[in-house]
Amino acid sequence: MPSDRPSAVVAICCRLPEGCKAEMLEDWTRPVRSAGLAVTWIVGPSDLAAAAGQLASRSELDRLAVEVPTEWFASDVRQSLIRERFAAIRRVTASLDAVVLRSAKGAAPLAAVRPELLVEHGIRLVATKDVGQWHGRRSRRPGPPGWSCSSPVWGLWEVGFAPKPPRGLFGGILPIVLGPSLEPGMLTVVQTGQVAGQSKREARQRFERMLHWIARCIAARRPRIDAVTLSQLATILASGADGAGHRSVLAAA
């Protein structure tokens with residue numbers, strides 16, 4: 001019997017290892033095809049051309065996003081240099097419309113990034129650890145109720161990654177047993193894949209377990225779940241969709 005509850009929306013973001021070549025990328029994408037899920041592959045600027053070439057051969061460039069180091073936006077970096085770097089990204093893949101911003105120790109704060117510059121280079125969505133990085137900017141448009149998102153300027157949305165489980169006795173088990181919280185009508189942006197201090201094998205195994213968990217939840221329809229890419233999520237937010245309306249956006253994609 002159909003449920004009247006709005007579906008949960010999940011965006012799975014997987015950080016590929018540095019220097020990821022064709023054979024390694026195939027190892028990561030194989031379980032995604034088996035699970036039938038939408039996954040956004042995150043790479044650094046140096047690996048963008050190789051990843052774009054591989055995904056373009058499968059007509060999956062819309063599943064690609066680049067992790068931009070906040071060092072690019074330090075106060076001593078010329079605006080012209082920042083524009084040159086983004087222009088180089090656009091030359092590799094003109095369709096790229098989503099980036100990940102991650103602040104490193106000693107790097108420029110995320111608030112130093114000019115959102116207008118991102119829009120200027122075709123970026124529609126930024127995924128970050130904390131939403132609200134552009135202090136003093138009121139959200140230009142309301143997002144769906146309860147979603148961790150904000151629109152600092154017209155044409156750009158920022159969305160927050162779901163918090164990671166606490167470390168400790170159960171920290172390494174929770175992602176396997178419980179997976180992310182997928183609530184009806186809510187958005188969950190999952191960050192998985194390669195992290196510092198983790199072997200490639202371990203990272204891929206944890207990624208596959210996350211995929212299997214979400215695939216089981218979808219099969220069980222508890223609740224109904226829509227898995228989307230960051231690019232699709234940008235379209236959902238740009239359309240002003242709410243918890244019920246986003247389904248029509250996905251159907252039209």
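Q: Which elements make a right-handed β-α-β unit with strand 2?
A: In this predicted model, strand 2, helix 2 (residues 48-56) and strand 3 form a right-handed β-α-β unit.

Q: How do strand 2 and strand 3 run, and how many bridges join them?
A: Strand 2 (residues 39-43) and strand 3 run parallel, and three bridges join them. As one example of the pairing, I42 has A65 of strand 3 as its bridge partner.

Q: Is S59 buried or exposed?
A: S59 counts as exposed, because its relative accessibility is 65%, and the cut-off for that class is over 50%.

Q: And strand 3 itself, why is it described as largely enclosed?
A: Five of the six residues of strand 3 (residues 64-69) are buried, so the rest of the structure largely encloses this strand.

Q: Which strand does strand 3 join through four bridges?
A: Strand 3 is joined to strand 4 (residues 98-102) by four bridges, and the two run parallel. Within this pairing, V68 stands opposite L101 of strand 4.

Q: Which helix lies with strand 3 and strand 4 in a β-α-β unit?
A: Helix 3 (residues 79-92) does, and the unit that it makes with strand 3 and strand 4 is right-handed.

Q: How far apart are R90 and I123?
A: They are 33 residues apart in sequence, and their C-alpha atoms are 10.0 Å apart in space.

Q: Why is R90 classed as partly exposed?
A: R90 has a relative accessibility of 24%, which means that it counts as partly exposed; the buried class requires a value under 20%.

Q: Back to the strands. What joins strand 4 to strand 5?
A: Three bridges join strand 4 to strand 5, and these strands run parallel. V99 has V126 in strand 5 as its bridge partner.

Q: Which way do the residues of strand 5 point?
A: From strand 5 (residues 125-128), L125 and A127 point one way, while V126 and T128 point the other way. All four are buried.

Q: What does strand 5 pair with in strand 7, and how many bridges are there?
A: Strand 5 and strand 7 (residues 156-160) run parallel and are joined by four bridges. In that pairing, W157 of strand 7 is the bridge partner of L125.

Q: Changing topic: which residues have the most contacts inside the largest nonpolar core?
A: They are W41, F86 and F207, in a core of 46 residues. Helix 6 (residues 200-220) gives the most to this core, with seven residues.

Q: What is F207 in contact with?
A: Leaving aside neighbours within four places in sequence, F207 contacts I12, C14, W28, V32, V39, W41 and T192. Apart from this core lies another of 22 residues, which includes A98, L187, V189 and L233.

Q: Which residues of helix 7 are buried?
A: In helix 7 (residues 230-238), the buried residues are L230, S231, L233, A234, I236 and L237. Just after helix 7, G240 takes a positive phi of about 75 degrees.

Q: Where is T29, and what does it touch?
A: T29 lies in helix 1 (residues 22-35). Not counting residues up to four places away in sequence, T29 touches W41 and R58. The side chains of T29 and R58 make a polar contact at 3.3 Å.

Q: Is T29 buried or exposed?
A: T29 counts as buried, because its relative accessibility is 2%.

Q: Finally, how many helices and strands does the chain have, and how much of it is buried?
A: The chain has eight helices and nine strands, and buried residues make up 45% of its 253 residues. Its accessible surface comes to about 12600 Å², of which 53% belongs to carbon and sulfur atoms. Among contacts between residues at least 6 apart in sequence, 72% join residues at least 24 apart.

Conventions. Residues are numbered from 1 along each chain as its sequence is written. This is a predicted model: local features need pLDDT of at least 70, side-chain atom pairs count only at pLDDT 80 or more; totals for chains, interfaces and linings use all residues. Side-chain values use heavy atoms; hydrogens and water are left out. Buried means under 20% relative accessible area, exposed over 50%, partly exposed in between (1.4 Å probe, protein chains only). A polar contact is a pair of N or O atoms within 3.5 Å; within protein, one must be able to donate a hydrogen and the other to accept it, and residues adjacent in sequence count only if both atoms are side-chain atoms. Contact means heavy atoms within 4.5 Å. Two strands pair if DSSP finds at least two bridges between them. A crossover is right-handed if, with the strands pointing away from the viewer, the path from the first strand over the helix to the second runs clockwise. Accessible areas come from the Shrake-Rupley method with a 1.4 Å probe; for residues, only the protein chains shown count as cover. A nonpolar core is a set of buried Ala, Val, Leu, Ile, Met, Phe, Trp, Tyr and Cys residues joined through side-chain atoms within 4.5 Å.
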